Amino acid sequence: MANLGEKIDPKSSGDRIAKGRPLERDDTVSDRQSKRHCIRDDDVVYQPKTKETRDAYEAMIGLIQQHLGGLPLNIKLLKPIPEEMNQVFDQLVSFGKLITDFGVAVEFEEDEEESDSDIAQDEELQETGGIQVDAGEGTSLNVQDIDAYWLQRETVIEREENLLKSLYEAARRLKDITVADTDFKSGWFKGQRQMLDLESLAFDQGGFLMANETCVLPPGFYRSRCEGYDELNVPWVSKKVDINEKLVKIGEMPAWAQPAFKGMRQLNSVQSKVYETALFKEDNILLCAPTDAGKTNVAMLTILQQIGFNKKGDGTYNHGNYKIVYVTPMKALVTEVVSNLSYRLKDYGVTVKELSGDQSLSGKEIEEAQIIVTTPEKWDIITRKSSDTQLVSLVIIDEIHLLHDNRGPVLESIVARTLRQIETTKENIRLVGLSATLPNYEDVALFLRVDLKKGLFKFDRSYRPVPLSQQYIGISVQEPLQKFQMMNDLCYKKVLAGAGKHQVLIFVHSRKETAKTAKLIVETAMANDTVSRFLKEDSASREVLQSQIELIKNGDLKKLLPYGFAIHHAGLTRGDREIVEALFGEGHVQVLVSTETLAWSVNLHAHTVIIKGTEVYNPEKGGWMELTPLDVMQMLGHAGRPQYDQYGEGIIITSYSKVQFYLSLMNEQLPIESQFILKLADQLNAEIALGTVQNAREACHWLGYTYLYYRMVRNPTLYGLAPDVLAKDVVLEGRRADLIHSAATILDKNNLVKYDRKSGCFQVTDLGRIASYNCVSHGTIVTYNELLKPTMGDIDLYHLLSLSEEFKYVTVGPDEKMELAKLLDRVTVPIKETLEEPSAKINVLLQAYISHLKLESLSLTSDMVFIGQNAGRLVRALYEIVLKRGWVQLAEKALKMIIGTLFLVLSTSISSDLI
Ligand SMILES: Nc1ncnc2c1ncn2[C@@H]1O[C@H](COP(=O)(O)OP(=O)(O)OP(=O)(O)O)[C@@H](O)[C@H]1O
Ligand SMILES: [Mg+2]
């Protein structure tokens, strides 16, 4: 980076600092000597066991003695190495490969636990792989030592003590061992590459994959069986109190950093522990901590460090030299982060810009901003078009546990791209990951190139500011109506338990459900004569609520308020929502029934949070799906009022079969897996189009940067590999090559990329570029490419659009046909197919979206918004293909469609869009 030399150490502001390359160190002999994972002279007891290995061993010893026998110890190889030495080396390697019975005598010096952490440290530091050889201070370089070292490095048959070791090993080795160039001379990667069925390798369950077969029950757990349901309880654990803990006072921070913490007295426990590393070191960081632990402040510290680097002698800042990217998964969070950072950093003159949803930034706006707050998808699109993000010196990824979700591949791809950029430009970009508590944090840390000793900070649930008691209600009744009834009854029971004592927040999963649930509870309470328990006759809140009713627009809300009940969703007017938020915040509303919008955009807490049902309509999958883990964690994050409650209460009412999933999720037992295979072909296409991957070798290397790689090493069988695969291929060279070969073959077959199977070279085509820049799947591009004809009219174009792969899960429900039939009469471009066809539904809904038609059904509305949001990119891709073919008339028609979708993007009032 151009400004490297000018960067200033924030601690000793004014001093010049040298910003080094990441995770590298000189690979000197003394470095190797210092490694603890060594084989001592007296430990090496290799004995050949077969005639073949004995012959190879003796030949190798002979060769070594011939060349090194009488040389002094401290020899240094001077460059250039004579040609004949290369041959000798090759011979030694060949001999080494013949010795296959080595390893049994290798013993680790330290006990398991200690050696783990040391490997961790070594992992990022060593340039060469394998167990290190201790040549012994001042003793001659032992022949046996060389054997052992080379054998470990070249033959890589290591007896792994546990999986973690293999992971570190793989991470370390990956840095050096890539597919050898020589393999490319004789055709890419010697031997036949296997064609894998990528679709069948991807996880069907997506984000609901539960790789842990069992869930270890947390301490204090108890269960009650009731008629039709089970109740599982996890009691709250007290907050961790460490009387010796030293919290960092804001006043102790460097003076220039303090304005960003205005209004705060000190950093909390989590923040104080990360403080030194975040503000003064340059290590990458992974911070895993519970909801509300204050992770944003840690992000703030790393941001301040970058600002500090650019502090000038006169106390002003040079903001032209750096950029910070803050990636957060929901649009609502993006908006919140933008306003938070803009407010807190205003004294520094920093410009913070939002880049999410429909918003785009002009080149000038990007240029002027120092901090870009964006969603993973948006940042993916930006970096697909240009790798020119050279000024970026810090990338913060919030909620990185999203890796486990269907949207995870995008995160993997942006991190891998960043790592490739670091590698090619040799300029460091600091990576900071923030996540909820999760069991396999080491994997995520390694993926982010975090030094496990220096940059990994992990805090368990006892660090939650308000402890959480958890209750999981698993309904075993199958019959839908009965189940629905039971859910309502249970909800009433739970709400009543808190009546008059504390507030309750209930999350439901559609706007209509809010009023329906609230009314049902009130009616049941009236029938049971319990309604006065929520709001006492003489309560002051009664008057306050009464005084607000006049101002309320929504009819349901007007009726509910007198009982101390309210609803909240994005369909209410802003005024209504604000009144509800204020009344609940001040403690007047006792029970608030809300959609997930509140969870993501409003900072309200209640003692008890109930998630009533965990299924939500998912248009992408065309049906009712479980809530995403991200949503569940976010909703439960509202349980417990900081500073008021000793603990909060989270209740999840769900199906019996889902209880283990949520129990695992909330108790650090759900391993975060990779969903990358699902999107491998498209992501590979994006890299090829960008030019960062030009051949299969580079692609294999790129794949080594993904989270998929670390998870495959850690849990090979889950990813379709043999359990002992690592014994033969510690860096999964073969598997990565097969994956790349398979993805490249798909892309080649569909004409997105030209893939030369012999040389392994890739060449992007126009179609590949169009697919990448518009983030359109290869399946869709193929359909367009096949079916586009120069003579097509509007009807055909809309039909073609409806065949996009992005809409493949859209189905026609029996209850939707009536409403669709009505809509059919109102759309401007006629539709040829019958309503039995999903493409007819897609077509109708797209036109309904463009014309701003209001729909009755929830599922249809969700489908319509989903289709409308995707249409922009798809039409643009379609237009570009037509343009490339030179079909002027068709291009004009497509352009009109773009204008239509653009118009709707600019003027749309429908915004259930959270991303
Ligand atoms: N040192 C502090 N002093 C006072 N308030 C703080 C401090 N640190 C954090 N907070 C407050 O705690 C709340 C939670 O912080 P934050 O949003 O950073 O949590 P989080 O760990 O990111 O949670 P989530 O997992 O929900 O994203 C915020 O309202 C924040 O202002
Ligand atoms: Mg946060």
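Predicted model: local features only at pLDDT ≥ 70, side-chain atom pairs only at ≥ 80, totals over all residues.
**Figure 1. Gln 643, an exposed residue with a positive phi.** Gln 643 has 7 other C-beta atoms within 10 Å, so it counts as exposed. Its phi is positive, about 75 degrees, although Gln 643 is not a glycine. For context, most residues other than glycine have a negative phi.

**Figure 2. Glu 399, a buried residue with a positive phi.** Here we look at the loop between strand S9 (392-397) and helix H14 (408-425), which holds Glu 399. Phi of Glu 399 is near 50 degrees, again a positive value in a residue other than glycine. Is Glu 399 buried or exposed? Glu 399 counts as buried because it has 22 C-beta neighbours inside 10 Å.

Figure 3. For the chain as a whole, 45% of the 915 residues count as buried.

**Figure 4. The surroundings of Leu 684.** Leaving out residues up to four places away in sequence, Leu 684 touches Val 693, Ala 699, Ile 740, Ala 743, Ala 744 and Leu 747.

**Figure 5. Helices H25 and H28 crossing.** Helix H25 (residues 696-703) packs on helix H28 (residues 733-749) at an angle of about 120 degrees, and their axes are 9 Å apart. The crossing is right-handed. On the H25 side, the contact is made by Ala 696, Ala 699, Cys 700 and Leu 703. H28 contributes Arg 736, Ala 737, Leu 739, Ile 740, His 741 and Ala 744. By class, the residues of this contact are 8 nonpolar, 1 polar and 1 charged.

**Figure 6. Helix H26, mostly covered.** How many of the 8 residues of helix H26 (residues 707-714) are buried? The count is 8 of 8. Along the helix they are Tyr 707, Leu 708, Tyr 709, Tyr 710, Arg 711, Met 712, Val 713 and Arg 714.

**Figure 7. The shell around ligand 1.** There are 13 residues around ligand 1, and Met 264, Thr 291, Gly 294, Lys 295 and Thr 296 come nearest. Helix H10 (residues 295-309) supplies the largest share of the shell, 3 residues. The shell divides into 4 nonpolar, 7 polar and 2 charged residues.

**Figure 8. Ala 332 and Ala 599, a pair separated in sequence.** Ala 332 sits in helix H11 (residues 331-344). Because 21 other C-beta atoms lie within 10 Å, Ala 332 is buried. Ala 599 is 267 residues away from Ala 332 in sequence, and the two are 9.7 Å apart in space, C-alpha to C-alpha. Across the chain, 74% of the contacts with a separation of 6 or more are between residues 24 or more positions apart.

Methods
Residues numbered from 1 in each chain as written. Chains lettered and ligands numbered in written order. Contact = placed C-beta atoms within 7 Å. Axes fitted to C-alpha atoms, helices over the stretch in contact; angles between N-to-C directions. Helix = DSSP H or I, 4+ residues; strand = E, 2+ residues; numbered from the N terminus. Left-handed = near helix turned anticlockwise from the far one by under 90°. Nonpolar A, V, L, I, M, F, W, Y, C, P; charged D, E, K, R; others polar. Near = placed C-beta within 6 Å. Buried ≥ 20, exposed ≤ 12 C-beta atoms within 10 Å, placed from the backbone.
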